[in-house]
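Today I look at a pocket, some aromatic rings and a few annotated stretches.

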Amino acid sequence: MFAVLLSKEMDPFYQNVSSFPTVFFTFFLILTLLFWLVAVLGLVDIDAFDIPGTDLEIGDGNTSTPDAVAGVILKLGLNGVPLSVVISLVSLIGWFISYNTVHFFSYLIPSAGLARFLVGLPVLLGALYLSVLATGFLIRPLRPLFKKMQRHTEKMVLGQTAVVRTSRVDPGFGEAIFDDGGAGLILKVRASEGQQFGKGDRVVLIEYLKDANAYRVVSEEEFNG
């Protein structure tokens, strides 16, 4: 398998993914893959990129927000799911469209220089536009599921014990695993000011923080005492 990846037959593929315009999506695709790897290891929150104000429902009459980025996300219908999921889908779909466009129409695209940039720029913008539309379509049925799951989880976990999975939990960072009888739920958690917990500590979820989409926690000893 690795021999195939290093063979000369793969040279056109590597040239395509590392040259404009596909390299734009290749860069973000690699970043998202690294992000998910680090997230699995518990070093960052899965929704670390989320922007306040983007959890509103489209058409609820309250989509205005002072944050320009949040406003754009709402208008494009990319809200309601973790922003990391949106970026991953846009990167993957954009990469697929850009790569295949360049692959099948390579005879129309100059090999290098300013001419390639001028021809590749419309391909980049077109792939980005189509990938955003496709992502908005794909996450539409997921939005109510995320919202329903969040409400159900909030009712189920308050007052329950979870185990810290990240290297730390402080007022601005942290995740914990709640044993729901299945694979377990990974929840964003926050400690109160002046408190900090480490990986493996047992904490109790006492309050849902809507703005942060997280749960305030205290130590199991403090809750029981």
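**Entry 1: a cut-off before I start.** I call a residue buried when its relative accessible area is under 20%, exposed when it is over 50%, and partly exposed in between. I also remind myself that this is a predicted model.

Entry 2: I looked up the aromatic pairs and found ten in the structure. One of them joins phenylalanine 27 and phenylalanine 28 in an edge-to-face arrangement, with 5.3 Å from centre to centre and 80 degrees between the planes.

**Entry 3: a stacked pair.** Next I turned to tryptophan 95 and tyrosine 99, whose rings are stacked, 5.3 Å centre to centre and with 10 degrees between the planes. Where do the two residues sit? Both belong to helix α5, four residues apart, which is about one turn of the helix. I checked their accessibility too: tryptophan 95 and tyrosine 99 are both buried.

Entry 4: On to empty space. Rolling a probe the size of a water molecule over the atoms shows where such space is left. The second largest pocket holds about 310 Å³. I listed 15 lining residues, and those nearest the pocket centre are Val86, Ile87, Val90, Leu128 and Val132. Which elements give two or more residues to this lining? They are α3 (22-40), α4 (68-75), α5 (83-104) and α6 (113-139). Helix α5 supplies the largest share, with five residues. Sorting the lining by class, I got 14 nonpolar residues, one polar residue and no charged ones.

**Entry 5: the record against the model.** Last, I read the UniProt entry, which is unreviewed, and it places a "transmembrane region" at residues 20-44, 76-97 and 117-139. I looked at how the model draws two of these stretches. Residues 20-44 are 76% helix and 0% strand, and their end C-alpha atoms lie 31 Å apart. For residues 117-139 I read 100% helix and 0% strand, with 32 Å between the end C-alpha atoms.

Terms used:
Residues are numbered from 1 along each chain as its sequence is written. This is a predicted model: local features need pLDDT of at least 70, side-chain atom pairs count only at pLDDT 80 or more; totals for chains, interfaces and linings use all residues. Side-chain values use heavy atoms; hydrogens and water are left out. On a 1 Å grid over the protein atoms alone, a cavity is a set of points where a 1.4 Å probe fits but cannot get out, and a pocket is an open set with protein on both sides within 12 Å along at least five of seven lines; lining residues have an atom within 4 Å of a point. Grid points are joined across faces, edges and corners, and a volume is the space filled by probe spheres set on the points. Ala, Val, Leu, Ile, Met, Phe, Trp, Tyr, Cys and Pro count as nonpolar, Asp, Glu, Lys and Arg as charged, and the others, Gly among them, as polar. Rings of Phe, Tyr and Trp (its six-membered ring) pair if their centres lie within 6.5 Å; planes under 30 degrees apart count as stacked, over 60 as edge-to-face and the rest as tilted. Buried means under 20% relative accessible area, exposed over 50%, partly exposed in between (1.4 Å probe, protein chains only). UniProt positions are given in the numbering used here, feature names are shortened, and annotations may be inferred rather than shown by experiment.
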